[in-house]
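Let's walk through this model together, from the overall picture down to a single side chain. Keep the viewer open as you read.

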Amino acid sequence: MAMKVKVLLCSVLMLSMTWLAGCGGHYHCGTTFGGSCSTGTTPPPSSGNANAFAYAVDQNGTMDGYALNTTAATFGPVSTYVAPKIATNKGGVGVVVAQGKYLYAVLQDVQQIYGWSIDSSGNLTALTTGFPLSLPSLSGISDLSFNQQVVITNPAGTLMFISDAVGEAILVYQISNTGALTAVTGSPFSTSLVSLSPQNMGMDGLGRFLYVSQVSSTHSGTEVAGYSVSSTGANAGALTLIPGSPFNIPLWEMQGDPSGNYLIGISGRVEFLYGSDDKSLYVYKINQTTGALTAAAGSPTATVYAPFNIAMQPRSVNGEFVYSFSLNATGTATNPIEGYKLDPTTGALSLVAGSPFNITTPTAFGQFDQSGSYLFVYSSPASNVHLGVVNVASSGALTETLPAATLVTGGYFAASDVP
């Protein structure tokens, strides 16, 4: 099976070559997204009175920091920020924020996890105990040309999960209240029993179950394995296969809604990679006892465009909103963002008024801060990589009022509220 996956990943890399031209070999770069990004001439903002921060892997060997200050109407590099050093890299494979105050970057090419604490000014202080943490032989996280959820945390920020496709395993780490990482007993957890080469991962909104999709060279979901996640003391984070796994459902990427009742996902089938479009959002009811998945009434919901990625608002205040990002048929330009409101009682999706939303920053990837107030969007038109901020109204409507920040290089990023 491992040899089969190695061949598959090589095929993905060959497929990606058209995306990589002219952008230094980074997997998010090569696509020339439609529209233009205005970076403006606003001076670098101060981190004082910031509303949120964003951190991006710089391939030259730093972790770059950006601040959002809505009062001053600025978003960009923080003038007082000193970027911590990391190994030179290919952009990483995942960046996550845990417990609202710890930042982690996983660099596959150097087999290490870097960690920092975040202060109220947005400055990073390296976690010293055990960092950078050396990973076990992890050859299965590939530098693919499309976004992956291969590094995630549970909603509480006390566990980190990393998928290893070639090794057919999932690595699990406990995150202490000091930010230290400790491998869970039994980690890496093998997925070979169900012949799964794990790729994207998602959790239910309560952190009880982990769902994992099969790696695919065509960005196409075919099946999902589910695992119950132990919450017991020293054994917290241990994985147990859910009976009936893997489920024969067409999910490539998935995220749980805040209520814990539903898993929302996409098949990932888009014309320029798969050969045809699947213009659908899928909703599955999660059995809160077993973790088993069943299609919600009315699922799948038809979309305007074929979803390439999704982002689920992490908190339910004015409803539960999910956003779909997409590319055109040739993969050379982006479409407007679609927004849908999830009914946490029935699982039904309804279109947000005004959707699809045209914003200034062309994007096929988005990530929320922990409050769910801001949707950070990533744009990589050729060699110019940008990070924008989109305001999310109580109705779910999206507006972008500030110019996007220009990143030094392409790389994974994470958004953080002010600790």
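Of the 419 residues in the protein, 60% are buried, where buried means under 20% relative accessible area, exposed over 50% and partly exposed in between (1.4 Å probe, protein chains only). Bear in mind that this is a predicted model: local features need pLDDT of at least 70, side-chain atom pairs count only at pLDDT 80 or more, and totals for chains, interfaces and linings use all residues. Residues are numbered from 1 along each chain as its sequence is written, and side-chain values use heavy atoms, with hydrogens and water left out.

The protein has 2 helices and 32 strands; these are DSSP runs numbered from the N terminus, with helices being H or I of at least four residues and strands E of at least two. Contacts are heavy atoms within 4.5 Å, and among those in the protein with a separation of 6 or more, 57% join residues 24 or more positions apart.

Now look inside. A nonpolar core is a set of buried Ala, Val, Leu, Ile, Met, Phe, Trp, Tyr and Cys residues joined through side-chain atoms within 4.5 Å. The largest one has 25 residues, and Phe-75, Phe-308 and Phe-376 have the most contacts inside it. Elements giving two or more residues to this core include strand 1 (52-58), strand 2 (62-69) and helix 2 (271-274). A second, separate core holds 21 residues, among them Tyr-55, Val-57, Val-97 and Ile-118.

Next comes an open sheet of 4 strands, in the order 3-2-1-32 with antiparallel pairing; two strands pair if DSSP finds at least two bridges between them. Strand 3 and strand 32 each have a single partner strand, so one side of each is left without a neighbour in the sheet. Strand 1 and strand 32 pair over 5 bridges in the antiparallel sense, and Ala-54 stands opposite Ala-415 in strand 32.

Finally, where does Asn-89 lie? You will find Asn-89 in the loop between strand 3 (74-77) and strand 4 (94-98). With a relative accessible area of 8%, Asn-89 is buried. Its side chain reaches the backbone oxygen of Asp-58 at 3.3 Å. Not counting residues up to four places away in sequence, Asn-89 touches Val-57, Asp-58, Gln-59, Gly-61, Leu-107 and Asp-109.

Conventions. Polar contact = N/O pair within 3.5 Å; in protein donor to acceptor, adjacent residues only side chain to side chain.
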